[in-house]
Amino acid sequence: MSYTQWRKVHDNVNAYLDKEGQMRVMTVLSLSYIDLPSYLKPCFLHLSLFPEDYVISTRKLLLLWIAEGLVSEKDPHSMKDTAEVYLNELISRNLIQVVRMSTLSGRVMECRVHDFVRELAIVKAKEQNFFGLTNYTTDPLPPYTSNSSLFSSNCRRQSIYSDIEMHASFEHSTSSLRSLLFFNLGHEICRISQLDFIGKCFKVLRVLDLEGVELVESLPSIVGKLIHLRYFGLRHNGLKLLPRSIGNPRSLQTLDTNNLKKVPNA
């Protein structure tokens with residue numbers, strides 16, 4: 001055999017061994033998921049919404065878990081403490097990696113999810129129709145997933161990584177959507193008209209996160225129709241003003257923003 005032929009055999013064998021190794025890792029991780037107590041499984045599945053290698057603010061993560069109803073409400077005054085206990089349990093089980101800790105309090109400030117763990121979360125989340133994922137350019141899906149199977153008319157959660165304009169042009173049938181997270185990994189500038197579909201199509205949303213979405217204008221007033229909203233993320237998007245209709249969601253727990261010049265009297 002020629003060198004080229006031997007090289008091809010060598011590469012094929014390595015690819016086979018790599019695949020076998022990955023499958024063994026996924027099998028072990030699957031056992032870790034099965035071993036999770038029932039109250040931790042939804043929090044673990046929620047991690048599937050975040051992009052690959054994405055550094056997650058734990059402050060934000062805990063607030064999202066609470067708004068999603070993933071944290072026990074037996075004692076409302078300590079729900080954030082309970083959420084932090086859940087976080088630390090997932091860390092102790094090596095399902096979440098610590099990125100940064102506070103030097104003062106010792107609390108975890110930022111975290112991320114390993115690629116294999118994220119792939120497991122995506123697989124399990126799809127099995128339970130926990131989420132949908134819209135991504136066109138930046139984050140290839142695991143080889144055993146397909147784009148067509150990520151969308152469902154009764155999906156409760158959706159994550160959009162890029163190409164907001166394309167998504168805004170779709171005809172959406174997910175009227176039961178409860179949570180919509182944008183990540184805007186392509187750093188696109190967004191116009192008001194591109195967000196109108198949110199208020200028109202997803203009127204029972206509890207969580208809407210527009211962090212990092214670069215807005216050139218204010219929010220559309222139609223956002224005020226999201227009366228069930230509990231968490232509204234508006235950090236790092238240049239937004240200075242909010243419409244008066246922002247006061248309509250009477251269940252709003254968190255308005256997460258860092259740029260506003262003035263909050264309207266609503």
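Two residues are in contact, or touch, when they have heavy atoms within 4.5 Å of each other. Helices (H or I, at least four residues) and strands (E, at least two) are DSSP runs, numbered from the N terminus. This is a predicted model, in which local features need pLDDT of at least 70 and side-chain atom pairs count only at pLDDT 80 or more, while totals for chains, interfaces and linings use all residues. Residues are numbered from 1 along each chain as its sequence is written, and side-chain values use heavy atoms, with hydrogens and water left out.

**View 1. The protein chain as a whole.** Welcome to the chain, whose secondary structure comes to 7 helices and 11 strands. Of its 266 residues, 44% count as buried; buried means under 20% relative accessible area, exposed over 50%, and partly exposed in between (1.4 Å probe, protein chains only). Among contacts between residues at least 6 apart in sequence, 54% join residues at least 24 apart.

**View 2. Helix α4 and what covers it.** Helix α4 spans residues 79-92, which makes 14 residues, and reaches 20 Å from its first C-alpha to its last. That is close to the 20 Å expected at 1.5 Å a residue, where the expected span is 1.5 Å times one less than the number of residues. Which residues of α4 are buried? They are Met 79, Ala 83, Glu 84, Tyr 86, Leu 87, Leu 90 and Ile 91. Seen down the axis of α4, these buried residues fall within an arc of 155°, so they line one face of the helix; the arc is that of the directions from the helix axis to the C-beta atoms. Their cover includes α2 (41-46), α3 (58-68), β2 (97-101) and β3 (108-112).

**View 3. Where α3 meets α4.** The axes of α3 and α4 come within 9 Å and cross at roughly 115°. Axes here are lines fitted to C-alpha atoms, for helices over the stretch in contact, and angles run from 0 to 180 degrees between N-to-C directions. That makes α3 roughly perpendicular to α4, given that angles under 35 degrees count as roughly parallel, over 145 as roughly antiparallel, 65 to 115 as roughly perpendicular and the rest as oblique. On the α3 side, the contact is made by Thr 58, Arg 59, Leu 61, Leu 62, Trp 65 and Ile 66. Their partners on α4 include Met 79, Lys 80, Ala 83 and Tyr 86. Helix α3 is mostly covered, with 10 of its 11 residues buried. After α3 comes Gly 69, whose phi is positive, near 80°.

**View 4. Two asparagines in loops.** Most residues other than glycine have a negative phi. Asn 94, in the loop between α4 and β2, has a positive phi of about 65° although it is not a glycine. At 62% relative accessibility, Asn 94 counts as exposed. Asn 129 lies in the loop between α5 (115-127) and β4 (132-134) and has a positive phi of about 55°. Asn 129 is partly exposed, with a relative accessible area of 25%.

View 5. Thr 254 sits in strand β11 (residues 254-257) and is buried, at 14% relative accessible area. Not counting residues up to four places away in sequence, Thr 254 touches Leu 63, Arg 230, Tyr 231 and Phe 232. Asn 259 lies in the segment after β11 and is partly exposed, at 21%. Asn 259 and Leu 234 are 25 residues apart in sequence and 8.4 Å apart in space, C-alpha to C-alpha.
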